[in-house]
Amino acid sequence: MTWQRIDGRTPGELRPHSFYPNFTRFAPGSVLAKCGDTQVLCTVSVAEGVPKFLVGSGKGWLTAEYRMLPSATQKRQERELMKLSGRTQEIQRLIGRSLRAALDFEALGERTLTVDADVLQADAGTRTMAITGGFVALAHAISQLLQQGVLERSPLSGQVAAVSVGLLQGEPFLDLNYVEDVAADVDFNVVMNHKLEIIEVQGTAEAGTFNRHQLNQLLDFSEQGIQQLLIAQRNAIPDWHTLFVLN
């Protein structure tokens with residue numbers, strides 16, 4: 001029996017997704033990223049200076065922080081204050097690694113970009129939407145720095161987007177919601193650039209195993225979804241063609 005999606009989507013169909021740039025007033029880059037019922041507020045701040053290991057190198061840095069609001073899920077979660085959970089630390093490292101792949105740090109100079117991803121509402125796919133929306137916020141921040149004359153040229157070297165895929169009853173599905181994520185036998189998060197080159201793949205068999213053919217199916221679905229997300233990102237960045245050249 002094939003898994004039936006409660007929202008009527010086909011196996012290879014994304015949830016409705018949208019980006020609302022300039023969502024907050026003070027951050028150089030901000031966007032409310034929505035994917036189905038998942039909503040993530042992504043902001044980018046800029047600070048002069050870099051971590052000690054980069055001082056004097058002429059290169060900049062990007063770091064990321066990820067949090068989930070207590071009311072983002074059906075049952076209230078406690079705020080993470082003094083100590084972050086292992087899950088939170090792992091996700092924000094993933095966001096940072098992914099978005100650093102889109103930057104030329106010499107062009108950025110000795111400045112630090114901080115990406116904050118705050119989950120307002122969670123229905124699975126929060127980390128992938130944090131990456132995809134985080135890139136849109138990053139592009140808007142870079143655009144502002146160029147307009148202000150802080151940067152001479154754009155440090156963006158391309159795009160980055162991410163999506164989740166999984167196996168349900170042995171069949172591949174794209175962009176899992178919470179019900180599907182919980183039921184999935186295999187769960188993957190895939191990050192790619194605008195050339196559909198892989199930046200990172202996080203995948204595991206929650207129950208049983210998967211074979212090479214199924215892995216290829218999951219990656220094919222990932223490519224299809226990320227292609228659509230890349231287009232949506234560019235539509236949310238009016239001057240994207242001046243920020244980077246897609247080769």
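Colleague: What should I know before I start?

Modeller: The model is predicted, so local features need pLDDT of at least 70, side-chain atom pairs count only at pLDDT 80 or more, and totals for chains, interfaces and linings use all residues. Residues are numbered from 1 along each chain as its sequence is written, and side-chain values use heavy atoms, with hydrogens and water left out.

Colleague: Okay, helix α3. How many residues does it have, and how far does it reach?

Modeller: Helix α3 covers residues 126–147, which is 22 residues. It reaches 31 Å from its first C-alpha to its last, close to the 32 Å expected at 1.5 Å a residue. The expected span is 1.5 Å times one less than the number of residues. Helices here are DSSP runs of H or I with at least four residues, strands are runs of E with at least two, and both are numbered from the N terminus.

Colleague: How many of its residues are buried?

Modeller: In α3, 19 of the 22 residues are buried, so the helix is largely enclosed by the rest of the structure. Buried means under 20% relative accessible area, exposed means over 50%, and partly exposed is in between (1.4 Å probe, protein chains only).

Colleague: What follows α3?

Modeller: G149 follows α3, and its phi is positive, near 80°.

Colleague: Which other residues have a positive phi?

Modeller: N22 and A124 do, and neither is glycine. Most residues other than glycine have a negative phi. Phi of N22 is near 55°. For A124 the value is near 75°.

Colleague: Where are those two?

Modeller: N22 is in the loop between β1 (17–21) and β2 (29–35). A124 is in the loop between β5 (111–121) and α3.

Colleague: Buried or exposed?

Modeller: N22 is at 55% relative accessibility, so it counts as exposed. A124 is at 13%, so it counts as buried.

Colleague: What about R25?

Modeller: R25 also sits in the loop between β1 and β2. It is exposed, with a relative accessible area of 74%. R25 and I95 are 70 residues apart in sequence and 23 Å apart in space, C-alpha to C-alpha.

Colleague: Back to helices. How do α1 and α3 cross?

Modeller: Helix α1 is residues 86–100. The axes of α1 and α3 come within 10 Å and cross at roughly 40°. That makes α1 oblique to α3. Angles under 35 degrees count as roughly parallel, over 145 as roughly antiparallel, 65 to 115 as roughly perpendicular, and the rest as oblique. The axes are lines fitted to C-alpha atoms, for helices over the stretch in contact, with angles from 0 to 180 degrees between N-to-C directions.

Colleague: New topic. How many aromatic pairs are there?

Modeller: Three. Rings of Phe, Tyr and Trp (its six-membered ring) pair if their centres lie within 6.5 Å; planes under 30 degrees apart are stacked, over 60 edge-to-face, and the rest tilted.

Colleague: What is the arrangement of F53 and W61?

Modeller: Their ring centres are 5.3 Å apart and their planes are at 85°, so the pair is edge-to-face. F53 is exposed at 58% relative accessibility, and W61 is partly exposed at 22%. Ring pairs link F53, W61 and F105 into a cluster.

Colleague: Which residue has its C-alpha 4.9 Å from that of F105?

Modeller: K59, which is 46 residues from F105 in sequence. K59 is in the loop between β3 (38–48) and β4. K59 is partly exposed, with a relative accessible area of 35%.

Colleague: And R67, where is that?

Modeller: R67 lies in strand β4, residues 61–68. It is partly exposed, at 25% relative accessibility. The C-alpha atoms of R67 and V119 are separated by 6.3 Å, though the two are 52 residues apart along the chain.
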